[in-house]
Amino acid sequence: MPRLPKLSLSLLVPACIFILYLGLVCGEYFYEHAELNDQLALRQSEQIQKDLFRMRHVVESSLLTHDLERIEQEVALVSTDQNMMVYVILDSSSEIQFANHIIWRESNATNVLEGYSADLHRIVITNNKPYLKVNLDRLSIQAYYPLNANSRYSYSNSVELIYLEYDIANILSEAVDSLLKRFIEIWGIGALLLSLFCVMLHYLLIRPLTQLSQAAKNLDSPDFNTDIVCTSTELVNLRDYLNQVNGRLSRSKKRLNDAEQRWLFVVEGARNGIWDWCIATGDVFVSDRWKDILGYQPYELDNDYSVWESRLHRDDKAQVLNTLQNYISNQHEYYESVHRLRHKDGRYIWILDRGKIVEWDELGRPLRIIGTITDVSGDVKSQHITTDKQGHSGLTDLINRDVLADQLYDLQVLSRKTGQFSALLMINLDNFKLINDALGHQLGDRLLMQIAARLSGTFSSAGLVARLGADEFVILAKNFGNEIDQASKRALALASEVRQLIGRGYTISEQNLSISARIGLVVFDGIESLEPQILLARADSALEQAKDSRSNGCAIYQPELDQNQVQPFKLQNELKLAIQNKQMSLVYQPVVDQAGQLNSIEVLMRWYHPQYGYISPRKFIASAELSDCIFELELWALDQVCELIQTLQQANATVPLMSLNVSSRHFHQDHFVNVVMNRINAAHVSPALFQFELSEDVFVVNANVARNKIAELQRFGVNIAMDNFGGGSCAVHLLQGIRFSQVKLAAVYIEDIEYNPETFNIVNAIVEFATKLNFPVVAKQVENKQQLNLLTHAKCTWFQGYIISRPLAHDDIIQLIKTQLSLSVVQ
């Protein structure tokens, strides 16, 4: 797009004013010119009509007295008007009887008169109505005026119409000349006034603005001066604002300089090294602290890109450069890497390297990156330490670490002395075992290293950062205030910050990983001196509470959490004995269509503990997934279902589809398909009677492997369903090409569907989306008729919930299948 020339206001404002004024004057002139033509023509037409009306009476009275000479005289009188071009009296055959020019008499008007029309003549006589026309092309007025001569007179048949054509060119010309003269006078006077106005505008507005603009160029110079005469309030305010801005600029420069010094002090105080890389030129600035981390003096290293790249460990180099290039190419949102750099003494140290693009060119390409490095060698090395009691999973095995125990004792003493609350944050990584099993322990260790480095690099100044177990970390933080409410809020804010930090994506061996965390908090003031294992047990109780979706992944310990609760670490030990002691059982919940006809049955686990009573499946299954117990539980459930199918087949009953939940950890085991198919085949049961329900997180890691396993199971005849559909943990494109026998709508949409119209609209959209993919939709956890009616209206295929049937015991489900009873609740 071409650039417009820059013009001064001294030229631009007067030009715009004069152009606008000229446009208004010209518009008014042409408007009045058109109006003048119409008014003159109308006025002349009215006068002609009056004259014709008088002439008709003259003709009639003259014919009555046979005084034709009088008609001659009247026509001659009309001829004295120089603008009268044609004035004739015609008979019925268009013969001219009287005319303003003698030569036309006794001639046919059609032959001698150019503007005359015999057709209009007849129309006017027939209608007995005058016809007048203003012909601006000819600049004349034409008139056809009928004569109502009395037929009793012999001469009356000789005349019947007056035709005239009146020239208005001279009248219009004179009027236009007068109009033009008047508008020239108005334009001249107006132009003179506008010139005076523009001169005043220049001295009162444009000139002060120009002076202020020139002064603004020197705003940051010591000799800045705005001593300019301003006549308007706005200009005075602008001048004063420039003076204020000048003062603020000076103060801002000082604050910026101070902030830069403080920033450098903080960075150096945090023991972080700074680097600044200009991508276009390859120039790199590294701070003295950056060099110090690698054991060099400030003068010993050059500011060059090769200084950094040449010190990368050869095993890390390809991954680090690839991660950095992906960030520069905008494939990742940020640059972060944990890798090794060669120290001056030849050893390698682990550093946490983070950077951010701070400058781009006009095409959006990155030009400059600034970042920091942090020495995290101690934190990374701690990830490789194997405890003596690695085979045990209880908290009592973990708290024997002397350093952590001593820190907890010291932190309580500090809280008592200062009167400040402290906090213990226990961090549990969600689905870490799934990632570890799917990607291998080597990549799992790399992920832990990066998480540990990230936590240490960010929160080490707030307190101690330690690792408890394979997927648990601890942060001890102090100085949260002397009021419990304030301390609790600050601890929750810190926990939220930790979750956001961990939730940022990771790139490991070109694998893009994401992981979330749950955090249990204990806030204490040290007045009640507690053993470290008690504080950790309380944090573990809060961590269990953080599983609730309403907690946003963070929960603070409350004393009531200990009542009637069995701790997760105890559950893992108890689960190993639960199957042997026959504490586990299965229940079966029907899935029906709108008519109540049975389609499939979901198999659910129940655990009755002799000490704690019934334990929630949500609790013990989550605990089982943290260990290998989940494999044994799900294979036991498969065997029980095989026996149930054999019982139904022996009774000649129609066996519905049996749906079993399979954990993502179990599904990702290398031999999962072979193990389950061997058990199904050994029981001589058709695989088509089984449906495995998979959660969306099965695609979180190794999505291609998961898709291949699903395809392999389907080739054997096993049905595959997706649970928690629409929950949001699975990218939609990963579902492409997979044929699910069912998708179960996420229960979160059912809870408030009857109260929230937006939720109903979302359910409609999800069901419509699934239908287009040919996925039958199951609405689960339907509790009342209103929910059922809304889900039916949303066109869900099948329904499951307490309003249809509670989960049934072994004998009850057999009886239901045999009787083929309808479970419809639709009225």
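Let me start with burial: a residue is buried under 20% relative accessible area, exposed over 50% and partly exposed in between, using a 1.4 Å probe and protein chains only. By that rule, 46% of the 827 residues of the protein chain count as buried.

Now the ground rules. This is a predicted model, where local features need pLDDT of at least 70, side-chain atom pairs count only at pLDDT 80 or more, and totals for chains, interfaces and linings use all residues. Residues are numbered from 1 along each chain as its sequence is written, and side-chain values use heavy atoms, with hydrogens and water left out.

Next, the overall make-up. The protein chain has 26 helices and 26 strands. These are DSSP runs numbered from the N terminus: helices are H or I with at least four residues, strands are E with at least two. Contact means heavy atoms within 4.5 Å. Among contacts in the protein chain with a separation of 6 or more, 64% join residues 24 or more positions apart.

On to aromatic rings. A pair is described by the distance of the centres and the angle of the planes. Rings of Phe, Tyr and Trp (its six-membered ring) pair if their centres lie within 6.5 Å; planes under 30 degrees apart are stacked, over 60 edge-to-face, and the rest tilted. How many aromatic pairs does this rule give? The count is 11.

One of them is Y21 with W187, stacked, at 5.0 Å centre to centre and 15° between the planes. Y21 lies in helix α1 (residues 9-65) and W187 in helix α5 (residues 169-217), so the pair ties together parts 166 residues apart in sequence. Buried or exposed, what is Y21? Y21 is buried, at 17% relative accessible area. W187 is partly exposed, at 29%.

Now F725 and F769. Their ring centres are 6.3 Å apart and their planes at 5°, so this pair is stacked. F725 sits in strand β23 (residues 719-725) and F769 in helix α24 (residues 757-772), so parts 44 residues apart in sequence are tied together. F725 is buried at 4%; F769 is partly exposed at 33%.

There is a cluster too: ring pairs link Y116, Y131, Y144 and Y163.

Last, two helices. The axes of α19 (residues 629-650) and α21 (residues 672-682) come within 10 Å and cross at roughly 25°. Axes are lines fitted to C-alpha atoms, for helices over the stretch in contact, with angles from 0 to 180 degrees between N-to-C directions. Where do they meet? L635, L638, D639 and C642 in α19 meet V675, V676, R679 and I680 in α21.
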